[in-house]
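Hi,

Here is the structure I promised to pass on to you. Please have a look at it first, and then read my notes below.

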Amino acid sequence: MIQLFLDQTYLFTPGPTPIPNRVNAAMAQPMIGHRSPDFSVLIEDVANRLKPVFGTRHPVLALTSSGTSALEAAIVNTVSEGDDAVVIVAGSFGDRLATIAEHYGVNVHRLNIEWGKSCAPDRLESFLDGLAGTAIKAVFATFNETSTGVLNPIHALGEVVARKTNALFVVDGVSCIGGVPVDMEADHIDILVTSSQKALMLPPGLAFVAFSDRGLKAIRECPAKRFYLDLNRYVKAYEEQKSTPFTPAVSLIAGAREVCSMIEEEGWDNVIKRHYLLRDMMRAGIRELGLPLLTSEEDASPTVTAVKPENISAPEIQKTLKRNFSITIAGGQKQLKGKIFRIGHMGYCTPFDVLKVLSALELTLAKFGEHPELGAAVKKAEEVWIQHV
């Protein structure tokens, strides 16, 4: 096949994601001192303008670290060695949460959910009933399971946690914050974390933490030992100096300010609608190609779609898209490795991008002798799109 895109690449992984040119430009501005008044203005601006994205009344704190560090921070600031905690495990990142907590000596009660399905609220309720008499300190959940393309019903799960326990509700929002609606108070979320390289359209390197009043109280009272990830240090530095306790990634935070401007210009409600449109377009096109989707319509994520091909290996599809069309998608993880491929459609992504991927998939299937009706998947996605034009 002719190499069509020698000098262009197209990134459709569930992180990292493409960076808008104007965000790159913002990050390329001259450096400022991280203990200067200019930086104080910058960090305060970002902390406050991110509030609607996290659905919180409190400033959103930024840590210079990875998404996994955000998960670790959520754990070490809420539970201690010997505490009992419930972790909903519906995929690789739920498993990571449980593994981190276990590493710190937390007594983890794993609620295992079949990979590719969401956690039903009644399933969580039954599980908590089975732990009656156990002092559950926190319930940890993954909002959007990146490894399977499942969006968990966080509002309903939070309601169960609040009604059945006195536990904190701690949520990993790494692969969906910036693309889904969230209201921490209404959803009973006490700690919510994410990272920069997903729907927030930034390079890897920042983690963000939001908290409720109850979550802040828990952070202040948690006796667990920690240093760099001690959120008390970040709260104190922000409240007293509008700063950070350690050297921050100044350029990334400058980029975050530009991301806030882009979200405000598009309108937060429109950002959410766009992500759900991208999901619906992608799933419609994939179904038209005859490729099985891993998740149900009800559980489907607005930021990542997982596909489980039957006649062609997922890695071969992945390799062909990269080799022939310069399109990078992701494979499966752990027990799904080699069985699925995942397409990210979050952050700096448009309906035209979805059409691009579907076109390449049509041609890829044709290469492997599947005889798809060329243009049919694109047409189906366009039929979804036109309802929103």
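Before the helix pairs, a word on terms: axes are lines fitted to C-alpha atoms, for helices over the stretch in contact, and angles run from 0 to 180 degrees between N-to-C directions. Helices (H or I, at least four residues) and strands (E, at least two) are DSSP runs, numbered from the N terminus.

Please keep in mind that this is a predicted model, in which local features need pLDDT of at least 70 and side-chain atom pairs count only at pLDDT 80 or more, while totals for chains, interfaces and linings use all residues. Residues are numbered from 1 along each chain as its sequence is written, and side-chain values use heavy atoms, with hydrogens and water left out.

Let me start with α13 and α14. Helix α13 (residues 351-367) packs with helix α14 (residues 376-386) at an angle of about 160°, and their axes are 8 Å apart. That angle makes α13 roughly antiparallel to α14; angles under 35 degrees count as roughly parallel, over 145 as roughly antiparallel, 65 to 115 as roughly perpendicular and the rest as oblique. The two helices, α13 and α14, cross in a right-handed way (left-handed if the near helix is turned anticlockwise from the far one by less than a right angle, right-handed if clockwise). On the α13 side, the contact (heavy atoms within 4.5 Å) is made by Pro 351, Phe 352, Leu 355, Leu 358, Ser 359 and Glu 362. From α14 come Ala 376, Ala 377, Val 378, Ala 381, Glu 382 and Trp 385. Sorted by class, the contact of α13 with α14 has nine nonpolar, one polar and two charged residues. Here Ala, Val, Leu, Ile, Met, Phe, Trp, Tyr, Cys and Pro count as nonpolar, Asp, Glu, Lys and Arg as charged, and the others, Gly among them, as polar.

Helix α13 has a few other points to look at. The end C-alpha atoms of α13 are 25 Å apart, which agrees with the 24 Å that its 17 residues should span at 1.5 Å a residue (the expected span is 1.5 Å times one less than the number of residues). Among the buried residues of α13 are Val 354, Leu 355, Leu 358, Leu 361 and Leu 365, along with Asp 353 and Glu 362; buried means under 20% relative accessible area, exposed over 50%, and partly exposed in between (1.4 Å probe, protein chains only). The buried residues of α13 pack against α11 (268-288), α12 (314-325), β12 (327-328), β14 (341-344) and α14. Just after α13, Gly 369 takes a positive phi of about 80°. In the loop between α13 and α14, His 371 has a positive phi of about 55° although it is not a glycine. His 371 is exposed, at a relative accessible area of 70%.

Next comes α11, which also pairs with α14. The axes of α11 and α14 come within 8 Å and cross at roughly 150°. So α11 is roughly antiparallel to α14, and the crossing of this pair is right-handed. Leu 277, Asp 280, Met 281, Ala 284, Gly 285 and Glu 288 in α11 meet Ala 376, Ala 377, Lys 380, Ala 381, Val 384 and Trp 385 in α14.

Leu 278, in α11, is buried at 0% relative accessibility. Beyond its neighbours within four places in sequence, Leu 278 is in contact with His 345, Cys 349, Thr 350, Pro 351 and Val 354. Arg 279, also placed in α11, is buried too, with a relative accessible area of 15%. Not counting residues up to four places away in sequence, Arg 279 touches Ala 300, Ser 301, Pro 302 and His 345.

Elsewhere, helix α8 (residues 213-221) and helix α9 (residues 231-241) pack at an angle of about 115°, with axes 9 Å apart, and are therefore roughly perpendicular to each other. Leu 216, Ile 219 and Arg 220 of α8 make the contact with Leu 231, Asn 232, Val 235 and Glu 239 of α9.

Finally, a backbone detail: the peptide bond from Gly 15 to Pro 16 is cis, with omega near 0°. Pro 16 lies in the loop between β1 (10-11) and α1 (21-27).

Best wishes
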